[in-house]
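Subject: Structure handover

Hello,

Here is the structure we talked about. Please open it alongside this email.

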Amino acid sequence: MRVAKETVVAIEYTLKDDQGNIIDASGDRGPMEYLHGAQNIIPGLEQGVDGLVAGDTKNVLVPPQLGYGEYSDKLLQLVPLSAFGANTPQVGMRFHAETNLGMRVLTIKKIEGEEVTLDGNHELAGKTLHFDIKVVSVRAAEPTELAHGHPHQSGGCCGGGGCGSGEASGGGCCSTEEGSEGGCCSTEEPAAQKQGGCGSGGCGCS
Ligand SMILES: [Zn+2]
């Protein structure tokens, strides 16, 4: 069976940046399973896998516009330190927040005096992604998987080893908006899961 719309595909992958640094890999987590054609993964990777069969290997080059988007200064915003209340913000911390673009993962980019700069860009925004992939299996999707928009068995989005354990970065099982580490299903920000994350079209089944 070839990878096509309405198939569930399992791939092993290694993701590198332009310098050859490994950003993410399926590695010990095992293959990443996703529903093809349901925007479970970034468009450029999905296009690269299209038409392959189990056992195929391929290098897939994904430009930013087919990956996590171009880096945009418009996604930077300043908030006062006092907005964090009792929490002590630190550069590099990530959290979910409602913004005028909807629920996004924000990263603390800079702290200067009483001003905190938040960055709504995905950590891989603006980057060209180099995937080395191997197709492990391809099967027809079950009707419930099509209805939910994600695969169900063997550690998919709803089961063990999916988003819940941080599998989601680098074109992982979550949507492209929410999928980075600390993404929609991570334990870092459980309050955010039910809003635009896991519960509603994200990783969860409900
Ligand atoms: Zn489901």
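Below are the notes on what was found in it.

First, the ground rules. This is a predicted model, in which local features need pLDDT of at least 70 and side-chain atom pairs count only at pLDDT 80 or more, while totals for chains, interfaces and linings use all residues. Residues are numbered from 1 along each chain as its sequence is written, and side-chain values use heavy atoms, with hydrogens and water left out.

Element names come from DSSP runs, numbered from the N terminus: helices are H or I with at least four residues, strands are E with at least two.

The cores. A nonpolar core here is a set of buried Ala, Val, Leu, Ile, Met, Phe, Trp, Tyr and Cys residues joined through side-chain atoms within 4.5 Å. Buried means under 20% relative accessible area, exposed means over 50%, and partly exposed lies in between (1.4 Å probe, protein chains only). The largest nonpolar core has 21 residues. Ile-11, Leu-45, Val-49, Leu-129, Phe-131 and Ile-133 touch the most other members. Two or more residues each come from β1 (7-16), β3, α1, β4 (57-62) and β9 (129-140). The largest share is from β9, with 5 residues. There is also a second, separate core of 8 residues. Phe-84, Leu-106, Ile-108 and Leu-118 are among them.

The sheet. Strands count as paired if DSSP finds at least two bridges between them. An open sheet is formed by 4 strands in the order β5-β8-β7-β6, with antiparallel pairing. β5 (76-80) and β6 (94-99) are the edge strands, each pairing on one side only. The twist averages 45° from one strand to the next. That angle is taken between N-to-C directions and runs from 0 to 180 degrees, using axes that are lines fitted to C-alpha atoms (for helices, over the stretch in contact). β6 and β7 (residues 102-112) run antiparallel and are joined by 6 bridges. His-96 stands opposite Val-105 in β7.

Gln-39 is not a glycine, yet has a positive phi of about 55°. Gln-39 sits in the loop between β3 (32-35) and α1 (43-49). Gln-39 counts as exposed because its relative accessibility is 64%. Gln-39 and His-150 are 111 residues apart in sequence, but 9.1 Å apart in space, C-alpha to C-alpha.

Glu-6 is not a glycine either, and has a positive phi of about 70°. Glu-6 lies in the segment before β1. Its relative accessibility is 43%, so Glu-6 counts as partly exposed.

Best wishes
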